[in-house]
Amino acid sequence: MKNFTFMRLSLWVYLAIFFAYLLGPLVIMSATAFNSPSFPRMTPWECLTFEWFSALFQDERILNGIWNSILVGAGTVVLSVAMGLAGALMLTQIWPKLRATYYTVIIAPILIPGVVLGISTLVFWDRINRMLGLGADSFLSNGLFLTIIGQSTFIASYCMLVLVARLQRYDIALTEAALDLGATHAQAFRKVLLPFMRPAIASAAVLAFLASFENYNTTTFTFGEYPTLTIELAQKVRYGITPAISALAFIIVVLTVFAALFNEASIRRKQLVAEARKKATVEELESGKLRLPGFLSSNAAAVALVVVACATVAVVGTATVYSPAQCIANVQEQKRLETEERIQELRRQRELRRQQQEEQGEAAPSQSTPSTGSGNNSGFGGVFAPGSLSGEDEAEPEAEQEPQGNNSGFGNVFDPGALSGDGEDSGSGN
């Protein structure tokens, strides 16, 4: 029993650490969108504000990047899902001995770095553009076209994997029965196979859009005049970020949670309706008086969805009436006072150091001993005395008493009469 309790406790601790590691950065970044400092930070908390959401919706570059990302994502979804479905159908119908080789070729783009795919896409379509004699402004050089083509080269492989997993559960006898009943291959595909593949197609479309929306490595070489959201964010981070990016992250997180809860609530709703129909009597089914469960009954996802929706409405309503101006003014005043106190403290410390230096300077002469000769207080004695090189330290007072004479260390070399032969006369006067 103790081992079982310990295992359960360990499992809960592991789950707590796992979800904290997984969702912690998102929670912290979302919280920074509501803090007033101009740089994203959660601590110290200053003032609750919604101004970064306003700054986000006023940023034309971010809005343009979002619009370009939506256009690229829509084009990538259409192209990737179509190629993925064709690849999945081919994989199930190809000769079994070639199936492994074909599968390897189709999956290869996933293993290639996105940088290589971006460069190769740009170079390939540039060569095609030149071969056709088109100009630099042709659609083959358009950044939107190149980005969709470049992203679809590897996103189609992801779509194919999702569609193959669904297609493996398909009974080929259904298609054969439709053909035996007179349907054409197109009709059998449209009315039999396509409805069966619809959930997988929806999942592949969502996966393709999300993969396109967050792609950066491939897009950075192909976007041209159509920078996506990831490109704009990377350029903004290079020159310094603001909490407006945190506001964008918070909106994306809320939309993702809302979509996930809505999907889970819908699935749970269908399960409850199916269970109610199974338990219903024939009379209830024929009369149409079957009582179906409500949207919130026994549906935790639906309850969470309503809570998230109410919280979102409350936040939006608060943002329209709340003004953080007074709080921000108080914080700025407090920062000003703290700055003045810090400056005064630095001045006091500087004045204290100056007084200590003056006291040390006054104490130094009183502690030093006067020298016997020339009064030199340095630690080198008389080494640097003017007469130390000539050895006439003792005769220096006598030389100072002579009325005339050359006191330089060069003797009579520079005497005016040295060149005219009067050196002896000038020397006699020395």
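The paragraphs below go from the chain as a whole to one pair of packed helices and then to the cysteines.

The structure is a predicted model, and its chain holds 15 helices and zero strands. Of the 430 residues of the chain, 25% count as buried. When contacts between residues at least 6 apart in sequence are considered, 67% of them join residues that are at least 24 apart.

Helix 3, which covers residues 60-93, packs with helix 4, which covers residues 96-111, at an angle of about 160 degrees, and the axes of the two lie 9 Å apart. Because angles over 145 degrees count as roughly antiparallel, helix 3 is described as roughly antiparallel to helix 4.

Which residues in helix 3 and helix 4 meet? On the side of helix 3 they are G87, M90, L91 and T92, and on the side of helix 4 they are R99, Y102 and Y103. Sorted by class, this contact of helix 3 with helix 4 has four nonpolar residues, two polar residues and one charged residue.

The cysteines come next. A disulfide is a covalent bond between the sulfur atoms of two cysteines. How many disulfides does a search of the whole structure find? The search finds one, and this disulfide joins C47 to C327, with a distance from S to S of 2.0 Å. The pair links distant parts of the chain, since C47 and C327 are 280 residues apart: C47 lies in the loop between helix 1 (2-32) and helix 2 (51-57), while C327 lies in helix 13, which covers residues 325-367. The torsion about the S-S bond of C47 and C327 is about -90 degrees, and therefore the disulfide is left-handed.

Are the cysteines C47 and C327 buried or partly exposed? C47 has a relative accessible area of 1%, and because buried means under 20%, C47 is buried. C327, in contrast, has a relative accessible area of 26%, so C327 is partly exposed, as values between 20% and 50% are.

Conventions
Residues numbered from 1 in each chain as written. Predicted model: local features only at pLDDT ≥ 70, side-chain atom pairs only at ≥ 80, totals over all residues. Heavy atoms only, no water. Axes fitted to C-alpha atoms, helices over the stretch in contact; angles between N-to-C directions. Helix = DSSP H or I, 4+ residues; strand = E, 2+ residues; numbered from the N terminus. Parallel < 35°, antiparallel > 145°, perpendicular 65-115°, else oblique. Contact = heavy atoms within 4.5 Å. Nonpolar A, V, L, I, M, F, W, Y, C, P; charged D, E, K, R; others polar. Disulfide = S-S within 2.5 Å. Buried < 20%, exposed > 50% of the residue type's maximum accessible area, 1.4 Å probe, protein only.
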